[in-house]
Amino acid sequence: MPTWLKDAVFYEIYPQSFYDTNGDGIGDLEGIIQKLDYIKELGCNALWINPMYDSPFMDAGYDVRDYKKVAARYGINEDAYRLFDEAHKRGIKVLLDLVPGHTSDEHAWFKASKEPEENEYSSRYVWTNGAFVGVKDHPYMAGMSDRNGAYMLNFFASQPALNYGWLERTESWMSAVDSPEAIATKEAMKDIMRFWLDHGADGFRVDMADSLVKNDDNKKSATAKIWRDVRNMLDQEYPEAALVSEWSNPEQAINGGGFHMDFYLDHWHNGYNTLLRDYETDGEDNSFFLKSGKGDICRFLNDYMPKYKATKKNGYISMFTCNHDTPRPANTLTPEELKIAYAFILTMPGVPFIYYGDEIGMRYMKDIRSKEGGFHRTGSRTPMQWDNSANKGFSTAEAQKLYLAVDSSEDAPNVADQMNDENSLYSTTKSLVALRHMHADLQADADFNVIYAEQEKMPFVYKRGKLILAINPSGLEETISLDEFQGYQPIYTIGKVSLEDTNLTIGSSAFAVFQIK
Ligand code: NOJ
């Protein structure tokens, strides 16, 4: 287990929209380098950068054309190597995004695979044995080349599925998981990982990590076996490199696959969604962090606790404010509500992730035109709002040339203003990250225990190691008496909090951390 994860707080960067230094309207790697001091000042000590490889950008770069080449619009490979170097100088680790389940249909492997003549890459992708033979229960394409076969898709039409074999094989054309071609695909992925790790990357966020082996029962055992093999490689060759999975099943990803971290994603009806985005499940919004106070922390705990208990010895569950696929939390939560939500996310066990711009409460831009396969996700991918100058300081290009339009509303939040305001969401986020770095009990490993959590009642009181924390996201002041408070005093508060002996009064939208006197 890489030791640096214990106190890691990640910052996710969508490179297109972070900072443009060459005036072409698109963010670049030099832009990330120039903003490293900003990230350090916020307190984040690790980055996850969305794909920055050569790509036709039909899915914002998740359609990789060349895994070992930086996309020209972001710079050249040397910029990436310099980014690793400059980040390391500031104590910041850098995870790249590994897309192992599919490539772009413009990747050289796929071009070779489409050829009717047998070659090294014929079985690199999942092909059937005839152009009129489909892939049952899965999306596929036929008639796209002279090869007499149909190929399986892993996501959009431009993303053919790489071949890691099938666990349950019902057709003659399905490769076995231990076939030479399935093993060759896995080794090719390991080769890509070594390439970037050797150049200074610190690990990978793994896209659709659960998607590799097809017909891989519900336990995903064969897919997990591949990742276990990758983990063994890391343990032997790169013991400080970290892997975080897009899987949202920590038992499979961490215990099975050996991932160091697994994202707790915004899947319908799961615990994470009940906190911030309950509106996606049934229309009515009962998110716990809404001031209306209709939420119920038990819905989160019932889902989270078994996952946490089952995996805490082996790895970390990663909570995030948002990601590039998810509506920004400011879509429904006010800055006041966001402060309390972030207080929770940043004091939970495991490794937290902040999505660029969430620290200032950037809005989810509803109903904007889709860009690069973003569709509804595009609204969470708009340019970072650095200051109040043209294009909010993101780029010197003409406004029409920007990757996406900046939020032009009068009161659009920006970094410069919020850095100068001690009551801003930025300042609160920064103080929460600093608090986490100050107390080992708030970091990845310390135990998480519930002290008081009652259905539809406030506050929620929990323990991290020896610290006690209380949260009241609702609009009403609450009081509670708990023996556990005996001998404790507040060391950090948001909102109105007072503790007299064992009696806590906690105001509306308030949060506190208590330590033994
Ligand atoms: C998950 C990524 O987060 C998303 O942005 C992408 O479109 C799909 N995987 C396909 O790679």
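A residue counts as buried when its relative accessible area is under 20%.

**Figure 1. The whole chain in a predicted model.** The structure shown is predicted. By the rule above, 62% of the 517 residues of the chain are buried. The chain holds 13 helices and 20 strands. Its C-alpha atoms fill a box of roughly 80 × 50 × 45 Å along the principal axes. A compact globule with 517 residues would have a radius of gyration near 24 Å, and the chain agrees because its own value is 24 Å. Take the contacts in the chain with a separation of 6 or more: residues 24 or more positions apart account for 66% of them.

**Figure 2. The surface and the charges.** The accessible surface of the chain comes to about 19800 Å². Carbon and sulfur atoms own 47% of that surface. The chain carries 53 positive and 78 negative charges.

**Figure 3. The aromatic pair of W48 and F353.** The count of aromatic pairs comes to 48. One of them joins W48 and F353, with ring centres 6.1 Å apart. Their planes meet at 75°, so the pair is edge-to-face; the cut-off for that label is over 60 degrees. W48 lies in strand β2 (residues 46–49), and F353 lies in strand β12 (residues 353–355). The pair therefore ties together parts that are 305 residues apart in sequence. Are these two residues buried or exposed? W48 is buried, because its relative accessible area is 0%. F353 is buried too, with a value of 1%.

**Figure 4. The aromatic pair of Y492 and F511.** Here the ring centres are 6.1 Å apart and the planes stand at 70°, an edge-to-face pair. Y492 belongs to strand β17 (residues 488–494). F511 belongs to strand β20 (residues 510–516).

Figure 5. S509 sits between β19 (503–506) and β20. Its relative accessible area is 5%, so S509 counts as buried. Which residues does S509 contact, leaving aside its neighbours within four places in sequence? They are K291, E336, I340, N472, P473, S474, I494 and G495.

Figure 6. E484 is found between β16 (478–481) and β17. E484 is partly exposed, because its relative accessibility is 39%. Not counting residues up to four places away in sequence, E484 touches I451 and I468. E484 and I451 are 33 residues apart in sequence. Their C-alpha atoms are 8.1 Å apart in space.

Figure 7. S175 has a relative accessibility of 8%, so S175 counts as buried. Leaving aside neighbours within four places, S175 is in contact with N163, G165, W166, R169 and E181. Now look from S175 to E251, 76 residues apart along the chain. Their C-alpha atoms are separated by 27 Å.

**Figure 8. K69, in strand β4.** Strand β4 covers residues 66–70 and includes K69. K69 is partly exposed, because its relative accessible area is 43%. Its contacts beyond four places in sequence are M52, Y53, D54, N77 and W196. K69 and L425 are 356 residues apart along the chain, and 37 Å separates their C-alpha atoms.

**Figure 9. The cis peptide bond at P459.** M458 and P459 are joined by a cis peptide bond. Omega is about -5° there. P459 is part of the loop between β13 (448–452) and β14 (460–464).

Figure 10. N215 has phi near 50°, a positive value in a residue other than glycine. N215 lies in the loop between β8 (203–206) and α6 (221–237). Its relative accessible area of 30% is why N215 counts as partly exposed. N391 has phi near 55°, again positive and not in a glycine. N391 lies in the loop between β12 and α12 (415–419). At 11% relative accessibility, N391 counts as buried.

Terms used. Residues numbered from 1 in each chain as written. Predicted model: local features only at pLDDT ≥ 70, side-chain atom pairs only at ≥ 80, totals over all residues. Heavy atoms only, no water. Helix = DSSP H or I, 4+ residues; strand = E, 2+ residues; numbered from the N terminus. Rg over C-alpha atoms; globule rule 2.2 N^0.38 Å. Buried < 20%, exposed > 50% of the residue type's maximum accessible area, 1.4 Å probe, protein only. Contact = heavy atoms within 4.5 Å. Areas by Shrake-Rupley, 256 points an atom, 1.4 Å probe, with all protein chains shown as cover. Lys, Arg positive; Asp, Glu negative; His and termini not counted. Charge placed at Lys NZ, Arg CZ, Asp CG, Glu CD. Phe/Tyr/Trp six-rings, centres within 6.5 Å; stacked < 30°, edge-to-face > 60°.
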